[in-house]
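Student: Could you walk me through the charged pairs in this model? I'd like the cut-offs as we go.

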Amino acid sequence: MLAGEGGARAITRFDARTWPVTFMCEVDGFTLPAEAADPAWRAFINRPSSFGLAAALEAMTDSGLYHGDVEAPLDPDRFGVSIGASIG
């Protein structure tokens, strides 16, 4: 987008030959940051939820609530996040 080009192209994440639309804007090169989720849970986190977790981590970092210090976590009685995601 910054280069003045559209991001839509042929779908590569699944076989779209039988669908009426065969193009979309895919997110390439995304990796969930290590500090966004416990390694034991990573296998259970779907791609859309990974986007949400990464965005939440970025927002917390930008706001100053998270500094990468695992020894000083946020007080769970004073802070919370509610995430809802649906597939299908």
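Student: How many salt bridges are there?
Tutor: The count comes to three salt bridges, a salt bridge being a side-chain nitrogen of Lys or Arg within 4 Å of a carboxyl oxygen of Asp or Glu. This is a predicted model, in which local features need pLDDT of at least 70 and side-chain atom pairs count only at pLDDT 80 or more, whereas totals for chains, interfaces and linings use all residues. Residues are numbered from 1 along each chain as its sequence is written, and side-chain values use heavy atoms, with hydrogens and water left out.

Student: Which residue does E26 form a salt bridge with?
Tutor: E26 pairs with R9, the closest N and O atoms being 3.3 Å apart. E26 lies in the loop between strand 2 and helix 1 and R9 in strand 1 (residues 9-10), so the pair ties together parts that are 17 residues apart in sequence; helices (H or I, at least four residues) and strands (E, at least two) are DSSP runs, numbered from the N terminus.

Student: And is E26 buried or exposed?
Tutor: E26 is buried, with a relative accessible area of 12%, where buried means under 20%, exposed over 50% and partly exposed in between (1.4 Å probe, protein chains only). R9, by contrast, is partly exposed at 34%.

Student: Where does D28 come in?
Tutor: The side chain of D28 meets that of R9 in a salt bridge at 2.6 Å, N to O, and D28 counts as exposed at 52% relative accessibility.

Student: What about R17?
Tutor: R17 forms a salt bridge with D15 (2.8 Å, N to O). Shared partners join R9, E26 and D28 into one network.
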